Amino acid sequence: MIETRNLTKRYGSLIAANDITLRLQEGDVFGFIGPNGSGKTTTMRMIATLLAPDHGEAYVCGKSIYTDQEEIRRLVGFMPDFFGVYDDMTVVEYLEFFAAAYRIVPERRRKVVEEKLELVDMAFKRDAMVNELSRGQTQRIGLARTLLHDPQVLLLDEPASGLDPRARIEIRNLLRRLGQMRKTVIVSSHILPELADVCTRVGMIEKGHMIVDGNVAEVMRKARQRILLHIRVRERTDAAARLLEQLDCVEKVAVTKDQMIEATLKPDVEDYSSLPTELVAARFALTLFREEEVNLETAFLQLTQGLVQ
Ligand SMILES: Nc1ncnc2c1ncn2[C@@H]1O[C@H](COP(=O)(O)OP(=O)(O)OP(=O)(O)O)[C@@H](O)[C@H]1O
């Protein structure tokens with residue numbers, strides 16, 4: 001559905017997007033995560049044919065951004081991070097205006113507008129003035145506007161920014177619904193954890209480089225260079241720690257003040273199933289054995305360590 005190969009954009013000496021290679025399928029909701037100025041908007045604008053790359057390729061549903069711009073614009077709905085709304089227009093008038101711009105025939109316009117209003121849960125505001133909507137409501141109308149021509153691919157630039165927690169949940173539900181409708185969605189954010197459960201894939205970008213890209217679990221795995229285990233035994237904690245220290249897969253062991261053993265495994269060790277067996281065989285009463293979870297926020301910070309200045 002979306003494929004980019006070495007997509008690159010320079011502004012003078014600054015490389016805003018550097019060799020971005022990406023492949024997304026139908027139904028993928030791709031969380032494009034990175035701090036301010038990392039190149040998310042630049043990449044999305046190139047895919048939307050709004051900005052010419054210096055180098056590289058991008059295809060939307062097999063259409064090239066160089067030769068099939070008109071088709072791509074029909075296939076893509078791009079929601080910029082800031083968009084103006086007009087004064088003196090109701091929600092319905094505003095959407096009908098854009099429906100006309102998308103060349104939706106007059107007799108279908110009202111129906112299409114009502115459908116999209118339902119989809120974004122804004123039908124109750126159909127007669128409100130657009131400039132009197134809250135930020136969250138404006139975002140949802142912006143999304144309805146992006147969906148008017150029923151695009152197969154959606155590029156949403158920070159749709160959750162500036163929203164309160166409730167409005168963010170609503171945007172998240174909408175993203176989920178779009179994935180279920182088999183759309184291909186790229187959604188950018190610098191707010192990490194909230195994308196984790198709606199995205200089928202995530203990519204992390206820093207200074208124009210895609211540092212990591214994969215499904216959420218893969219990204220977590222890459223971020224976590226070493227597995228950390230939390231272990232508790234009923235008694236003889238220090239002896240258990242010494243036993244763990246001698247095992248091949250263990251890099252280091254520490255005992256916390258409240259008698260929790262923290263065992264860090266060697267890099268690339270994935271299978272630690274022998275550890276509880278060893279402890280039990282040595283007659284330690286194991287009361288807790290847990291792998292430290294890495295959340296997206298920690299993952300992002302770990303992956304970008306050294307790159308962020
Ligand atoms: N027209 C332009 N001219 C010069 N530099 C630009 C231009 N547009 C973007 N940049 C620079 O390119 C880099 C990437 O910008 P981009 O807008 O793609 O980042 P972003 O990840 O979308 O950031 P944000 O989260 O703040 O929206 C930034 O350093 C920005 O200053």
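Of the 60 residues in the largest nonpolar core, I47, L155 and V185 touch the most other members. A nonpolar core here is a set of buried Ala, Val, Leu, Ile, Met, Phe, Trp, Tyr and Cys residues joined through C-beta atoms within 7 Å. A residue counts as buried if 20 or more other C-beta atoms lie within 10 Å of its own, as exposed if 12 or fewer do, and as partly exposed in between, with C-beta atoms placed from the backbone. The model is predicted: local features need pLDDT of at least 70, side-chain atom pairs count only at pLDDT 80 or more, and totals for chains, interfaces and linings use all residues. Residues are numbered from 1 along each chain as its sequence is written.

- Leaving aside neighbours within four places in sequence, L155 is in contact with M44, I47, A48, V76, F78 and I186, where contact requires C-beta atoms, placed from the backbone, to lie within 7 Å.
- A second, separate core has 13 residues, including I227, V233, L279 and F284.
- In soluble globular proteins, nonpolar side chains tend to be buried together.

**The six-stranded sheet**

- An open sheet of 6 strands runs in the order β6-β7-β8-β3-β9-β10, with mixed pairing; two strands pair if DSSP finds at least two bridges between them.
- β6 (76-79) and β10 (209-214) each have a single partner strand, so one side of each of these edge strands is left without a neighbour in the sheet.
- From one strand to the next, the twist averages 15 degrees; axes are lines fitted to C-alpha atoms, for helices over the stretch in contact, and angles run from 0 to 180 degrees between N-to-C directions.
- Strand β3 (residues 29-33) runs parallel to strand β8 (residues 184-189) and is joined to β8 by 5 bridges.
- In that pairing, F30 has I186 of β8 as its bridge partner, and G31 stands opposite V187.
- β3 also runs parallel to strand β9 (residues 201-206), with 4 bridges between them, and the bridge partner of I33 in β9 is M204.
- β3 is mostly covered, with 5 of its 5 residues buried.
- V29, G31 and I33 point one way from β3, whereas F30 and F32 point the other way.
- In a regular strand the side chains alternate between the two faces of the sheet.

- Helix α5 (residues 135-147) lies across β6 and β7 (153-156), running at about 160 degrees to β6.
- Helix α6 (residues 165-180) lies across β3, β7 and β8, at about 155 degrees to β8.

- α1 is mostly covered, with 8 of its 8 residues buried; among them are K40, R45 and I47.
- T49, which follows α1, has a positive phi near 65 degrees.

**The β1-β2 hairpin**

- Strand β1 (residues 2-11) and β2 pair in the antiparallel sense over 7 bridges, and L7 has I20 of β2 as its bridge partner.
- The hairpin has 2 residues between the strands, and G12 takes a positive phi near 60 degrees.

**The four-stranded sheet**

- 4 strands form an open, antiparallel sheet in the order β12-β13-β11-β14.
- The edge strands, β12 (250-255) and β14 (286-291), each pair on one side only.
- The twist of this sheet averages 20 degrees from one strand to the next.
- Strand β11 (residues 228-233) and β14 run antiparallel and are joined by 5 bridges, with L288 of β14 the bridge partner of R232.
- Helix α9 (residues 237-245) packs on this sheet, touching β11, β12 and β13 (261-265), and the direction of α9 makes about 165 degrees with that of β12.

Terms used
Two residues are in contact if their C-beta atoms, placed from the backbone, lie within 7 Å.
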